[in-house]
Amino acid sequence: MKKLSEEQLNGLQQDLDAIRDEVLADLGERDATYIRKIIRLHRTLEVGGRVMMPFGFIPPVFVAATASLGIAKILENMEIGHNVMHGQYDWMNDPALNSQTYEWDTVCTSESWRQTHNYEHHTYTNIIGKDRDYGYAVLRLSDDVKWHPGHLLQFVNYILLTVLFQWGVGVHELESEKIRRGELRWRDKLPFLKDFARKGGRQAFKDYVFFPLLTLPVAPVVLAGNVGANLIRNIWASTVIFCGHFTQDAETFTEEECEGESKGHWYLRQLSGSSNFTGGKWLHVLSGHLSYQVEHHVFPDLPAHRYPEISAKVQEVCKKYDIPYNTGSFAKQYGTVLSRIARFSLPDAVRTRLEQRGSGQLQAI
Amino acid sequence: MLARLTQTKALHWLGRQLLNRDDPAAWLDPLAGAINPMWVQEYTPARVERIMAETADTKTFVLKPASRWTGFDAGQHVNICTEIDGIRRTRTFSLSSSPELWHKQGLITLTIKRLPGGLVTNWLHDSLSEGDILGLADAFGEFLVPQPAKPVLFIAGGSGITPVLSQLETMAASHYPAPVTLLYFVRTGNDIIGREKLEAIAARYPGLNLNIIATHEGKEPRFLCDADLEAIDGLKEREAYLCGPKGLMDLATELLQQRGLAESQMHSTFFAPPAPAALDNDQLGGEVSFTRSSVNVGSEGDANLLEIAEAAGLKPRYGCRMGICHQCSCRKTSGTVVNRLTGKVSGPGEESVQLCVSVPRGPVQIDV
């Protein structure tokens, strides 16, 4: 991580706070109109998808219905649910958009998400051992974790995690790795498991039991479409999230270097540990503006549609303190994620030899 | 009835499973409301049918609530909500029409005075137009016509007349069988709210003794005095209803007590934010734990629970922020709080408190 003096860290904090204050002072009708427009679009797509689905025995209708429902779930999870739960719209005082009471359309309970994501991940971002989102306790993504032969198969694990992403996120708070290590007992996790079963059951009931049974003669079609919609959302959400912190140049941190850190240091860590990707307007909307992961990590509770507007200012601040601003095309960023997953599945000796050869080739060119 | 109830209960349960919210009926609101705002389910939508000027700074808004609204009793008030610059605002106003108008024509009226610097009252006066929609909650309040009938004395000041208008109209329509006196204090003759209505009621209902007193027309201000009360027949048997500025309410309470009226005979309702009671700051403050959020913070002095929660980064739901609308009501699981408005000290146990007017006295646990 870029080393900054105490004074520079204070300056960094003041500069970023100024950007934040400017947005806060300007919050109003425009933001309310934006999120309501997205919510209307979500409702339209979900109702449309559900209504079309029973006619899915006609192949083009099946594609349209599945895509419609899948995109609805993506919008609800990423641009609405995730952002509302960060408190981005609490200032509106609208009970339907309250961070503490909103419940989203995925297996993970909002309660659990606010704990593991809003608190743990956003506070301890990329601190190995404290940010359990770094590799989700399933993947080895840096040499901070000791290699063992099981890691050779981690690409398979990655595919499984992506395909079943909502269930992976749902059980994240179980901290199964700590149970395996004997640091926690199953009994400690009973309240969590109860909530998980209730919400997971509710989600499975809706998509895999209720709606198929409602249209019994075409139940298999509806079931297949609903599975497809969940799959679309799982793969997309997982991909976007992996691009946020596991790209080539996104840094990791140790607990020691973050002990008793100042707000300025926290800002620096958020800037260095996150990565953006570029794209068109709808790519950003469908990613819940997590394509502006850097801005999101610096200002998690500002309405996300504001990130594109403040991005230039954040980049200016980065330039001023010579902090790298990590961005690139979606394809390039995702490519480096896949490469990271593959490289760290190998023993360190093999990996370093490969990396040296790679950079040697580059030099030769 | 029972079949319908179980049916709605079952539907509600199903809705919760499918839509992940406790008010599944409101899930479609963003879409339904865009097509027709009267279809919104989260609150009862009410369309502004007509806006009439009462005085230079007071207007009466005639509203037509969606027919599912549960109605009200004369003298009650209601929370209305509206969005101003993207922020939901909730305020409480007295209903100034009689319940009969609601039953017969499906209409209600709110008579609202512009408060200097008031965000919502000024918006209602300047920006709300006929055809617009306001959100309505259920009516509430204990400022009710006595049942069975007893002699009544109303003492109203300024826009404090609004619940009394509703009551008088109701009493006149039912030929209320006991004497009724209204002492209505206004600054000048131009400030009389509901003048035509009052005169019409007095003309057709002989049981009403109407006495409108202008306080600021002579050289000296002319406030409520003991002579006003002395002139009232059988004062000691009357139920007294007070609504107006704090000065008038305090004065009336004192004079009525001197005349021997018991506290149980006196009814009052706030029509404007009452002035905070004097509290002994030394005893206030304490450790507040917001149990659901696992946040513990210390507080000092007369900071209320809403301010304390917000300072700790929490964002509980709120409305008027002055102890009227109950939007911020939460469960207190233990500890003692002092009500900022009344100075009343709570019990130590579990109860519902309004965050915006509750000041901790010692350690308090809140389910937020």
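This is a predicted model: local features need pLDDT of at least 70, side-chain atom pairs count only at pLDDT 80 or more; totals for chains, interfaces and linings use all residues.
The domain assignment divides chain B into domain 1, covering residues 23–136, domain 2, covering 152–268, and domain 3, covering 281–366. Between the centres of domain 1 and domain 3 of chain B, taken over C-alpha atoms, the separation is 29 Å.

Chain B contains an open sheet of five strands with parallel pairing, in which the strands follow the order 9-8-7-10-11. Because strand 9 (208–214) and strand 11 (266–268) of chain B each have a single partner strand, they stand at the edges of the sheet, and one side of each is left without a neighbour there. On average, and with direction ignored, neighbouring strands of this sheet are turned by 15 degrees against each other. Within the sheet, strand 7 (residues 152–157) and strand 8 (residues 180–186) of chain B run parallel and are joined by six bridges, and B:L153 is found opposite B:T181 of strand 8. Helix 8 of chain B, formed by residues 246–258, lies across strands 7, 8, 10 and 11 of chain B, and runs at about 160 degrees to strand 10 (239–243).

Between the two chains, 18 residues of chain B are in contact with 27 residues of chain A. To the side of chain B that touches chain A, at least two residues each are supplied by helix 1 (2–19), helix 2 (29–35) and strand 4 (87–94) of chain B, with the largest share, three residues, coming from helix 2. Sorted by class, this side of chain B comprises eight nonpolar, three polar and seven charged residues.

Key. Residues are numbered from 1 along each chain as its sequence is written. Chains are lettered from A and ligands numbered from 1 in the order in which they are written. Two strands pair if DSSP finds at least two bridges between them. Helices (H or I, at least four residues) and strands (E, at least two) are DSSP runs, numbered from the N terminus. Axes are lines fitted to C-alpha atoms, for helices over the stretch in contact, and angles run from 0 to 180 degrees between N-to-C directions. Two residues are in contact if their C-beta atoms, placed from the backbone, lie within 7 Å. Domain bounds come from an automatic or database domain assignment. Ala, Val, Leu, Ile, Met, Phe, Trp, Tyr, Cys and Pro count as nonpolar, Asp, Glu, Lys and Arg as charged, and the others, Gly among them, as polar.
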